[in-house]
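I opened my notebook to see how this protein is packed inside. Come and look along with me.

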Amino acid sequence: MRIAVLGTGVMGTPLARNLLGAGFQVRVWNRTRHKAEPLAAEGAYVADSPADAASGVHVLVTMLADGPAVEATMTAGHGAESAESGTSAESGPSAPSVLSTLPPDAVWIQMSTVGVQWAGRLGPWPAIASAMSTRPCPAAPDPPNTESC
(Lines give C-alpha, C1' and ligand atoms only; values in the text may rest on other atoms or scores of the structure.)
Protein backbone atom coordinates (compact mmCIF):
# COMPACT_ATOMS: atom_id res chain seq x y z
CA MET A 1 0.00 0.00 0.00
CA ARG A 2 1.29 3.44 -0.95
CA ILE A 3 0.63 6.29 1.47
CA ALA A 4 1.46 9.98 1.05
CA VAL A 5 1.99 12.26 4.02
CA LEU A 6 1.75 15.95 3.20
CA GLY A 7 3.33 17.91 6.03
CA THR A 8 6.37 16.52 7.82
CA GLY A 9 6.49 18.74 10.85
CA VAL A 10 6.18 17.82 14.52
CA MET A 11 3.32 15.39 13.93
CA GLY A 12 3.73 14.38 10.29
CA THR A 13 7.32 13.14 10.64
CA PRO A 14 6.58 10.59 13.39
CA LEU A 15 3.48 9.49 11.49
CA ALA A 16 5.54 8.88 8.34
CA ARG A 17 8.19 7.03 10.38
CA ASN A 18 5.59 4.75 11.93
CA LEU A 19 4.12 3.99 8.51
CA LEU A 20 7.59 3.20 7.14
CA GLY A 21 8.28 0.97 10.15
CA ALA A 22 5.05 -0.91 9.48
CA GLY A 23 6.24 -1.69 5.95
CA PHE A 24 4.18 0.76 3.91
CA GLN A 25 5.54 2.57 0.85
CA VAL A 26 5.55 6.21 1.98
CA ARG A 27 5.75 9.36 -0.10
CA VAL A 28 6.31 12.62 1.78
CA TRP A 29 6.13 16.30 0.95
CA ASN A 30 6.65 19.43 2.99
CA ARG A 31 6.48 23.11 2.05
CA THR A 32 10.05 23.35 3.32
CA ARG A 33 11.70 20.40 1.59
CA HIS A 34 14.62 20.06 3.99
CA LYS A 35 12.18 19.04 6.74
CA ALA A 36 11.07 16.03 4.68
CA GLU A 37 14.50 14.98 3.42
CA PRO A 38 15.64 13.05 6.55
CA LEU A 39 12.80 10.59 5.89
CA ALA A 40 14.49 9.56 2.62
CA ALA A 41 17.21 7.80 4.62
CA GLU A 42 14.44 5.76 6.25
CA GLY A 43 12.93 4.71 2.93
CA ALA A 44 10.45 7.47 2.10
CA TYR A 45 10.19 9.01 -1.34
CA VAL A 46 10.53 12.79 -0.96
CA ALA A 47 8.22 14.38 -3.51
CA ASP A 48 8.86 17.65 -5.30
CA SER A 49 5.23 18.75 -5.06
CA PRO A 50 2.02 17.75 -3.29
CA ALA A 51 0.68 16.41 -6.60
CA ASP A 52 3.82 14.32 -7.07
CA ALA A 53 3.35 12.86 -3.59
CA ALA A 54 -0.33 12.04 -4.24
CA SER A 55 0.19 10.41 -7.61
CA GLY A 56 -0.73 6.72 -7.43
CA VAL A 57 -1.27 6.48 -3.68
CA HIS A 58 -3.98 4.52 -1.91
CA VAL A 59 -4.10 6.84 1.11
CA LEU A 60 -3.29 10.55 1.38
CA VAL A 61 -2.75 12.10 4.80
CA THR A 62 -2.63 15.86 5.28
CA MET A 63 -0.94 17.02 8.48
CA LEU A 64 -0.52 20.71 7.74
CA ALA A 65 -0.48 23.93 9.78
CA ASP A 66 -4.10 25.05 9.35
CA GLY A 67 -7.15 25.19 7.08
CA PRO A 68 -5.72 27.69 4.59
CA ALA A 69 -2.59 25.55 4.23
CA VAL A 70 -4.70 22.45 3.53
CA GLU A 71 -6.81 24.28 0.96
CA ALA A 72 -3.79 25.79 -0.78
CA THR A 73 -1.92 22.49 -0.83
CA MET A 74 -4.82 20.43 -2.11
CA THR A 75 -5.97 22.83 -4.83
CA ALA A 76 -2.89 24.72 -6.00
CA GLY A 77 -0.40 23.29 -8.44
CA HIS A 78 2.72 24.27 -6.58
CA GLY A 79 5.73 22.67 -4.98
CA ALA A 80 7.84 23.57 -1.99
CA GLU A 81 8.08 27.26 -1.24
CA SER A 82 11.41 28.95 -0.91
CA ALA A 83 11.70 30.32 2.60
CA GLU A 84 13.59 33.34 1.31
CA SER A 85 11.42 34.31 -1.63
CA GLY A 86 8.03 32.76 -0.92
CA THR A 87 8.03 31.42 -4.47
CA SER A 88 7.28 27.85 -5.35
CA ALA A 89 9.41 25.27 -7.07
CA GLU A 90 6.58 24.35 -9.44
CA SER A 91 3.76 26.69 -10.33
CA GLY A 92 1.53 27.89 -13.08
CA PRO A 93 -1.37 26.52 -15.05
CA SER A 94 0.55 23.43 -16.19
CA ALA A 95 1.25 22.26 -12.64
CA PRO A 96 -1.36 19.71 -11.48
CA SER A 97 -3.25 19.97 -8.19
CA VAL A 98 -3.34 17.17 -5.63
CA LEU A 99 -7.03 16.65 -6.31
CA SER A 100 -6.34 16.12 -10.01
CA THR A 101 -3.61 13.50 -9.43
CA LEU A 102 -5.16 11.61 -6.50
CA PRO A 103 -6.58 8.31 -7.76
CA PRO A 104 -10.40 8.21 -7.61
CA ASP A 105 -10.47 5.30 -5.15
CA ALA A 106 -7.89 6.83 -2.79
CA VAL A 107 -8.75 7.78 0.78
CA TRP A 108 -7.89 11.27 2.02
CA ILE A 109 -7.32 11.45 5.77
CA GLN A 110 -7.27 15.12 6.76
CA MET A 111 -5.46 15.24 10.13
CA SER A 112 -4.48 18.90 10.21
CA THR A 113 -5.83 20.99 13.05
CA VAL A 114 -8.32 23.09 11.12
CA GLY A 115 -11.22 23.68 13.49
CA VAL A 116 -14.91 23.19 12.85
CA GLN A 117 -15.22 26.04 10.33
CA TRP A 118 -12.50 24.68 8.04
CA ALA A 119 -13.63 21.08 8.42
CA GLY A 120 -16.98 22.13 7.00
CA ARG A 121 -15.34 24.19 4.28
CA LEU A 122 -12.95 21.44 3.14
CA GLY A 123 -15.49 18.62 3.11
CA PRO A 124 -17.95 19.69 0.42
CA TRP A 125 -15.49 20.35 -2.42
CA PRO A 126 -17.16 19.04 -5.60
CA ALA A 127 -14.07 17.05 -6.61
CA ILE A 128 -14.14 15.26 -3.28
CA ALA A 129 -17.87 14.97 -2.79
CA SER A 130 -18.33 13.20 -6.10
CA ALA A 131 -15.72 10.57 -5.28
CA MET A 132 -16.03 10.00 -1.55
CA SER A 133 -18.01 10.84 1.51
CA THR A 134 -16.62 13.05 4.23
CA ARG A 135 -16.97 12.56 7.92
CA PRO A 136 -15.63 14.92 10.58
CA CYS A 137 -13.71 12.99 13.20
CA PRO A 138 -11.70 15.30 15.43
CA ALA A 139 -8.79 13.91 17.41
CA ALA A 140 -9.87 15.98 20.42
CA PRO A 141 -13.40 17.07 21.28
CA ASP A 142 -13.79 20.54 19.82
CA PRO A 143 -16.65 21.16 20.45
CA PRO A 144 -17.31 18.38 22.98
CA ASN A 145 -20.42 17.05 21.18
CA THR A 146 -18.63 15.43 18.23
CA GLU A 147 -20.10 11.93 18.31
CA SER A 148 -19.93 11.55 14.53
CA CYS A 149 -16.78 9.40 14.62
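Before anything else, I noted that a contact means heavy atoms within 4.5 Å. This is a predicted model, where local features need pLDDT of at least 70, side-chain atom pairs count only at pLDDT 80 or more, and totals for chains, interfaces and linings use all residues. Residues are numbered from 1 along each chain as its sequence is written, and side-chain values use heavy atoms, with hydrogens and water left out.

**Entry 1: one residue.** Which residues does Leu60 touch, not counting those up to four places away in sequence? I found Ala4, Leu6, Ala54, Met74, Val98, Leu102, Val107, Trp108 and Ile109.

**Entry 2: the cores.** I looked for nonpolar cores, meaning sets of buried Ala, Val, Leu, Ile, Met, Phe, Trp, Tyr and Cys residues joined through side-chain atoms within 4.5 Å. Buried is under 20% relative accessible area (1.4 Å probe, protein chains only). The largest core has 18 residues, and Leu6, Leu60 and Met74 touch the most other members. Strand E1 (2–6), helix H3 (50–54) and helix H4 (67–75) each give two or more residues to this core; helices (H or I, at least four residues) and strands (E, at least two) are DSSP runs, numbered from the N terminus. H4 gives the most, with three residues. A second, separate core holds 13 residues, including Leu19, Leu39, Val59 and Val61.

**Entry 3: helix H4.** I saw that Gly67, Ala69, Val70, Thr73 and Met74 are buried in H4. They lie on the same side of H4 because they cover an arc of only 160° around the axis, taken from the directions from the helix axis to the C-beta atoms.

**Entry 4: the whole protein.** I looked up seven helices and five strands. Of the 149 residues, 38% count as buried.

Technical notes: Buried means under 20% relative accessible area, exposed over 50%, partly exposed in between (1.4 Å probe, protein chains only).
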